[in-house]
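Dear colleague,

I am passing on the structure below, together with notes on what came out of going through it. Please read them alongside the model.

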Amino acid sequence: MDADNGSVNSKGYTSVPLVKGAVNGNAVRLEKKITLLNIVTIIVGAIIGSGIFISPKGVQQYTGSVGLSLMVWAVCGVLSLIGALCYAELGTTITSSGGDYIYLMEAFGELPAFLLLWVTMVVIRPTAQAIVALTFAFYVVEPFFSGDNCETPDTAVRLLAAICITILTWVNAYSVRWAMRVQDIFTAGKLLALCVIIIAGIVQLCLGHTQSFVNSFEGSNTDFGAMTLAFYSGMFAYGGWNYLNFVTEEIKNPYQNLPRAIIISMPIVTFVYVFTNIAYFTALSPAEMKATSAVGAAFGDRLFGVMSWVMPLFVALSTFGGVNGALFTTARLNFVAARNGQLPQILSMINVRRKTPLTALAFTCFLSCIMLTSTAIYDLINYFSFVFYLAIDACILALIYLRWKKPDLPRPIKFNIALPICWFLFCTMVLMTSLVKEPLTTGIGLAMTFSGVPIYIIFIWWKKKPQWFIRWFGKFSIMIQKMTESVPSE
């Protein structure tokens with residue numbers, strides 16, 4: 001095989017014969033540097049973002065009462081724990097990084113896995129990262145433009161969001177240990193911030209501000225559709241518990257640390273979320289909760305007075321750590337997909353000096369920054385909420401299917417089959433309700449997902465690509481490899 005021309009690998013993408021093997025006698029691969037503490041901060045940091053400052057409105061709106069809304073928050077925590085335990089079984093049975101993508105590949109084959117990869121890589125993850133970065137930038141910039149008739153400049157917000165993504169990409173590319181330190185520090189910061197809110201709520205309760213908890217179930221809306229949408233809003237705030245499975249290969253002692261981290265982190269998040277909502281209700285009435293989209297800001301304005309600026313600071317801490325966790329895990333998704341031949345091989349390269357997936361990180365950064373230029377990114381998130389739950393539902397179905405199809409597969413962690421069945425039924429219920437209540441939104445999400453079919457046919461299924469394309473892509477890949485000092489992982 002000519003080193004300048006390259007070839008087409010068995011999956012269809014161009015493969016280039018670049019420098020392989022070892023550097024100074026050491027194999028180049030992702031190293032196991034993620035400790036139990038790092039795992040806990042990844043999960044907590046990925047889950048706690050802007051959702052806890054926004055989602056309480058949706059839960060309260062659909063439940064209609066304080067008591068029922070708090071129950072929904074608690075049940076969402078239990079359901080997330082069940083889902084995370086199911087993913088712990090998947091992550092220790094299929095030990096490759098890649099999360100949802102690798103599980104669908106193992107259970108159902110290339111096409112379903114690629115469609116999930118397509119919609120996740122091109123829209124869901126870059127869009128989500130862009131939105132979280134924009135939220136961070138807005139809350140940092142907004143205090144400087146808080147005067148009368150002074151609007152926060154959109155260009156400044158988008159520029160700061162791009163700087164945030166770029167800086168965190170550099171940190172992740174420079175060192176896994178540095179990226180984990182950033183995650184640890186900002187997760188501790190956001191937990192401290194939410195503890196301040198909880199303590200303020202406890203003080204309010206001690207001062208007798210309990211009016212929202214009198215007849216707390218009065219006005220409850222138990223309609224099936226409304227309850228499902230309430231869970232939909234609550235589960236949005238708990239989103240991120242499956243991020244850990246994207247980095248399984250880099251976890252030290254994953255068979256023990258993966259389930260331990262889940263059992264530690266999910267109760268922490270559930271406790272924080274339930275008591276944060278209790279704190280909100282000590283300062284805001286249910287009607288006020290439903291009237292504002294920025295519940296956290298309204299809480300700060302009511303209780304902190306001249307110190308209300310701390311709430312934007314709390315949101316900035318939450319979102320900055322969220323961007324870091326999303327970048328870290330998304331790059332691993334692209335890395336694993338490229339290693340499996342469903343993305344260009346250049347994305348599976350590892351920097352020989354830092355032992356990090358530099359090209360995959362740069363690609364993730366590029367797509368996220370592209371999304372910052374769009375004025376419709378919030379609409380895209382709505383379209384793909386349905387697809388997100390569909391992907392998780394498919395992964396739990398994969399767990400059940402593998403239990404039946406491959407019963408002898410080594411399973412260091414194995415839970416009662418009732419857990420994945422319960423989660424599968426819940427997720428299916430949410431999907432069906434969304435399909436009935438919002439057919440246009442879910443239809444657009446599905447259509448954009450299946451737009452990946454022609455991409456799959458052209459770039460993966462079609463093996464006999466023109467020689468000029470193979471030669472050009474081979475030279476381009478070698479150029480990128482030299483620029484990034486990267487080689488294929490061993």
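Predicted model: local features only at pLDDT ≥ 70, side-chain atom pairs only at ≥ 80, totals over all residues.

Residues are numbered from 1 along each chain as its sequence is written, and side-chain values use heavy atoms, with hydrogens and water left out.

Taking a salt bridge as a side-chain nitrogen of Lys or Arg within 4 Å of a carboxyl oxygen of Asp or Glu, the count comes to seven salt bridges. One of them pairs glutamate 89 with arginine 403, at 2.8 Å from N to O. This pair links distant parts of the chain, 314 residues apart, with glutamate 89 in helix α4 (residues 66–93) and arginine 403 in helix α15 (residues 377–405); helices here are DSSP runs of H or I of at least four residues, and strands are runs of E of at least two, numbered from the N terminus. Glutamate 89 and arginine 403 are both buried, where buried means under 20% relative accessible area, exposed over 50%, and partly exposed in between (1.4 Å probe, protein chains only).

A second pair to look at is arginine 332 with glutamate 250, whose closest N and O atoms are 2.7 Å apart. Arginine 332 sits in helix α13 (residues 310–339) and glutamate 250 in the loop between α9 (224–237) and α10 (254–283), 82 residues apart, and both residues are buried.

In the salt bridge between arginine 353 and glutamate 485, the closest N and O atoms are 2.9 Å apart. Arginine 353 lies in the loop between β5 (349–351) and α14 (358–371), and glutamate 485 in the loop between α19 and β6 (486–488), so the pair ties together parts that are 132 residues apart in sequence. Arginine 353 counts as exposed, at 60% relative accessibility, and glutamate 485 as partly exposed, at 36%.

As for helix α14, Thr359, Ala360 and Leu361 are among its buried residues.

Finally, Trp468, Trp472, Phe476, Met479 and Met483 form a nonpolar patch on the surface, with about 610 Å² of accessible area together. Patches are made of residues with over 30% relative accessible area and no salt bridge, like charges being joined within 9 Å and nonpolar side chains (Val, Leu, Ile, Met, Phe, Trp, Tyr) within 5 Å; accessible areas come from the Shrake-Rupley method with a 1.4 Å probe, and for residues only the protein chains shown count as cover. Phenylalanine 476 is found in helix α19 (residues 467–484).
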